[in-house]
Amino acid sequence: MKDHLLFLDTSDLKRTRLVLIGQNTIWQTSFPANYSLSERFLPEILKFLSRNRLGFKNLAKLAVVVGPGSFSGLRTGLATANALSTALKIPLIGLRPSEVPEDLRKLWHFNGSLRPIHPNYGRAPHITRAKKF
């Protein structure tokens, strides 16, 4: 049954936060957001869902923090959220940190979209050129 909302926050350089919101339950976890986030993020989501005896089929909505924040964290979080939204055909809500309600259950009342959400890095990304070997 699709009755859970998954909230993803990868905007912080130090911690990545996952929150699963059901009708009467809220489960949270966080883990260090180091340089291996892109490798660890999806496995951590799967582990979090599994620990709560759920799978992707139980998700009705996704919510993700769009930034500003860490370039790599936002890129990883939004790419994953957009991919899951598209694959599962469920709406995605994009939020700035100031828009995240204190009571995350209120996210159920936000409208989502099936369109991709874009990051807000807060400034132009600083991407260096590849080094010549």
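Biologist: What is the strand order of the open sheet, and what pairing does the sheet have?

Modeller: The five strands of the open sheet are ordered 3-2-1-4-5, and the pairing is mixed. Strands here are DSSP E runs of at least two residues, helices are H or I runs of at least four, and both are numbered from the N terminus. Two strands pair if DSSP finds at least two bridges between them. The model is predicted: local features need pLDDT of at least 70, side-chain atom pairs count only at pLDDT 80 or more, and totals for chains, interfaces and linings use all residues. Residues are numbered from 1 along each chain as its sequence is written, and side-chain values use heavy atoms, without hydrogens and water.

Biologist: Which element lies between strand 4 and strand 5 in the β-α-β crossover, and what is its handedness?

Modeller: The chain passes from strand 4 through helix 2 to strand 5, and the crossover is right-handed. That term applies if, with the strands pointing away from the viewer, the path from the first strand over the helix to the second runs clockwise.

Biologist: What does helix 2 touch on the sheet?

Modeller: Helix 2 touches strand 1, strand 4 and strand 5, where contact means heavy atoms within 4.5 Å. Its direction makes about 160° with that of strand 4; axes are lines fitted to C-alpha atoms, for helices over the stretch in contact, and angles run from 0 to 180 degrees between N-to-C directions.

Biologist: How does the reach of each helix compare with the expected span?

Modeller: The expected span is 1.5 Å times one less than the number of residues. Helix 1 (residues 37–51) has 15 residues and reaches 20 Å, close to the expected 21 Å. Helix 2 has 18 residues and reaches 25 Å, close to the expected 26 Å.

Biologist: Which residues of helix 1 are buried?

Modeller: They are Leu37, Phe41, Glu44, Ile45, Phe48 and Leu49. Buried means under 20% relative accessible area, exposed over 50%, and partly exposed in between (1.4 Å probe, protein chains only). These residues pack against strand 1, strand 2, strand 3, strand 4 and helix 2.

Biologist: Why is the pair of Phe71 and Tyr121 called tilted?

Modeller: Rings of Phe, Tyr and Trp (its six-membered ring) pair if their centres lie within 6.5 Å; planes under 30 degrees apart count as stacked, over 60 as edge-to-face and the rest as tilted. The centres of these two rings are 4.7 Å apart and the planes are at 40°, so the pair is tilted. Phe71 is in helix 2 and Tyr121 in the segment after strand 5, 50 residues apart.

Biologist: Why is Pro119 called partly exposed?

Modeller: Its relative accessibility is 30%, which falls between the limits for buried and exposed. Phe71, at 29%, also counts as partly exposed. Pro119 touches Val66, Leu74 and Leu78, not counting residues up to four places away in sequence. Pro119 and Leu74 are 45 residues apart in sequence and 6.4 Å apart in space, C-alpha to C-alpha.
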